[in-house]
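Take a look at the sequence and the model first, then read on.

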Amino acid sequence: MGSGNDGPTPIRDVADHFGLPPSTLHYWERRELVAPTRRAGQRWYDTEQLYRVALIKLRRTTGLIGVAPIAEMLGDGPGRAGGRPCPS
C-alpha cells in the first residue's frame, strides 16, 4: 500500500485501500479507535494502525457490532498509543 515502502501510509491511500471515506477514518480517530501520526498537517498510518483499521472494518461490515464494543475489544485506546502493553 502507499509508496511501496514500509513507512507510514497517508490517509488518502488508507481510505482508498480499505474503500472508506476519509471522514470515517477521522471519526474512528475521534472515537480513539485509531491514532495516526501527524506530519505537515496530514494523518499517516503505521503498520499497527493499518491492522486496527482492517479489524475495525471487518467488525463493522458484519453490521452486528457497533463502535463502542469495537473500542472495548481493541483495548486501551487511543489507538493503543502511549506504549501501553497489550492485554493478555
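Let's begin with Leu-55, which is partly exposed because its relative accessible area is 22% (buried means under 20%, exposed means over 50%, and partly exposed is in between, using a 1.4 Å probe and protein chains only). You'll find Leu-55 in helix H3 (helices are DSSP runs of H or I with at least four residues, numbered from the N terminus).

A word on the ground rules. This is a predicted model, so local features need a pLDDT of at least 70 and side-chain atom pairs count only at pLDDT 80 or more, while totals for chains, interfaces and linings use all residues. Residues are numbered from 1 along each chain as its sequence is written, and side-chain values use heavy atoms, with hydrogens and water left out.

Helix H1 (residues 11–18) has the highest confidence at 98, and helix H4 (residues 67–74) the lowest, at a mean of 81. Over residues 81–88 the pLDDT is below 50, and beyond near neighbours in sequence that stretch has six contacts in the model (a contact means heavy atoms within 4.5 Å).

Which residues of H3 meet H4? They are Arg-52, Leu-55, Ile-56, Arg-59 and Arg-60, and on the H4 side Val-67, Ile-70, Met-73 and Leu-74. The axes of the two helices (lines fitted to C-alpha atoms over the stretch in contact, with angles from 0 to 180 degrees between N-to-C directions) come within 11 Å and cross at roughly 140 degrees. That makes H3 oblique to H4 (under 35 degrees is roughly parallel, over 145 roughly antiparallel, 65 to 115 roughly perpendicular, and the rest oblique).

H4 also holds Glu-72, and Glu-72 counts as exposed because its relative accessibility is 68%. Here are two pairs of residues that are separated along the chain:

| Pair | Apart in sequence | C-alpha to C-alpha |
|---|---|---|
| Leu-55 and Leu-74 | 19 residues | 8.9 Å |
| Glu-72 and Leu-33 | 39 residues | 9.3 Å |

Methods:
pLDDT is the predictor's confidence in each residue, from 0 to 100. Helices (H or I, at least four residues) and strands (E, at least two) are DSSP runs, numbered from the N terminus.
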